[in-house]
Amino acid sequence: MTRPDLATPAPDQFTPGRLDRDAPFYIAGHRGLAGSAMWRLLEAEGFTNLIGRSSVELDLKDRAAVFAFFEEAKPRYVVLAAAKVGGIMANNTYPVDFLSENLQVQVNVIDAALAVDVERLLFLGSSCIYPRLAPQPITEDTLLTGYLEPTNDAYAIAKIAGIFHIQAARRQYGKHWISAMPTNLYGPGDNFSPQGSHVLPALIQRYDTAVKSGATTVTNWGSGTPRREFMHVDDMAAAFLHLLEHYDAPEQVNVGTGKDLTIREIAETIARVVGFTGETLWDTSKPDGTPQKLLDVSKLADAGWTARIDLEDGVRSTVDWYHEHLATLRR
């Protein structure tokens, strides 16, 4: 169900279609997990004018610098994948950082994109925007119908603000911009640090270290019973390009596989792939987070796209990438 205030179409007629492969295309956050996957896909799809800036080259929290960059680059398309991200421990420890930095980045990029009249912009959010106890699978219209998961509520509030910023740009300026909310992502370019990683890369690092050290046990946080949906980041990138070329509506779109597993089952898959044969212990004094977080991907399917990479194949390719890049991993 679409909110009544979002139902009014943009004043001009617009039908999404194939993006111009030679147009300037800026990927904010092109070195991160999602942004680098988008960059790889666009290169493979024949885009010839991709634009990226590292955080050293352009601090997206610096409003004047962001506006100057957009005025110079004048991108026709933008994917806003830049964000401060992290797992339960990081989100729970630094909520001010996650709220403030993400709000600054989003507001600066979206306002600068308005200033230079960007044609198509996709805002990358997160499935953590939905209530902690939302009915499963989670549909897009459950947004703001209940309390958020307290261990990542600051990050979620920032992403919710981003969705409303996109909707406001559509209503006030008639922009054909969209928002996509991916499920938990993993794959090449992930953060494998013990302090900042999400659960799947943290498990890969933990089990791989145990194999190399000869450890006979591995201890994971929580009970292992929460259910999680994981999507390979290359699938996410393919979904995003499909949405840019086929979807135009104010409501955010869930991007996921439509399937979930318990954390225990995911850990068992990772242990099997890396070759760990010892015992897995669970520290129930640590938080579990949301009991279940499975996205309803009907809207994405209606737009003509479904995920292709299953978890075991995706974990195997991620482990291979992890081994190949041990010396240069984000930590």
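The model is a predicted one. Strand β1 (residues 25-28) pairs in the parallel sense with β2 and with strand β3 (residues 77-80). The structure holds 10 aromatic pairs, and one of the residues that take part in such pairs is Phe 25 of β1.

**Strand β1 and its partners**

- From β1, the residues Phe 25 and Ile 27 point one way, whereas Tyr 26 and Ala 28 point the other way; all are buried.
- The pairing of β1 with β2 runs over 2 bridges, and Phe 25 has Leu 50 as its bridge partner in β2.
- Between these two strands the chain passes through α1, and this β-α-β crossover is right-handed.
- The pairing of β1 with β3 runs over 4 bridges, and Ile 27 has Val 79 as its bridge partner in β3.

**Aromatic pairs**

- Among the 10 aromatic pairs of the structure is that of Phe 25 and Phe 47, which is edge-to-face because the ring planes stand at 90°, with the ring centres 5.6 Å apart.
- This pair links distant parts of the chain, 22 residues apart: Phe 25 belongs to β1, and Phe 47 to the loop between α1 (33-44) and β2 (50-51).
- Phe 25 is buried, with a relative accessible area of 0%, and Phe 47 is buried as well, with a relative accessible area of 5%.
- A second pair joins Tyr 186 and Phe 230; their ring centres are 6.4 Å apart and their planes meet at 75°, so this pair is also edge-to-face.
- Because Tyr 186 lies in strand β6 (residues 184-186) and Phe 230 in strand β9 (residues 230-232), the pair ties together parts that are 44 residues apart in sequence.
- Both Tyr 186 and Phe 230 are buried.
- Ring pairs also connect Phe 25, Phe 47 and Tyr 77 into a cluster.

**Charge over a ring**

- Lys 84 places its charged end over the ring of Phe 98, at 5.1 Å from the ring centre.

**Asn 152**

- Asn 152 is located in the loop between β4 (120-124) and α5 (153-173).
- Asn 152 counts as buried because its relative accessibility is 17%, and the cut-off for buried is under 20%.
- Apart from neighbours within four places in sequence, Asn 152 is in contact with Asn 91 and Cys 128.

Technical notes: Residues numbered from 1 in each chain as written. Predicted model: local features only at pLDDT ≥ 70, side-chain atom pairs only at ≥ 80, totals over all residues. Heavy atoms only, no water. Buried < 20%, exposed > 50% of the residue type's maximum accessible area, 1.4 Å probe, protein only. Contact = heavy atoms within 4.5 Å. Phe/Tyr/Trp six-rings, centres within 6.5 Å; stacked < 30°, edge-to-face > 60°. Lys NZ or Arg CZ within 6 Å of the ring centre and 35° of its normal. Pairing = 2+ DSSP bridges. Right-handed = clockwise from strand over helix to strand, strands pointing away.
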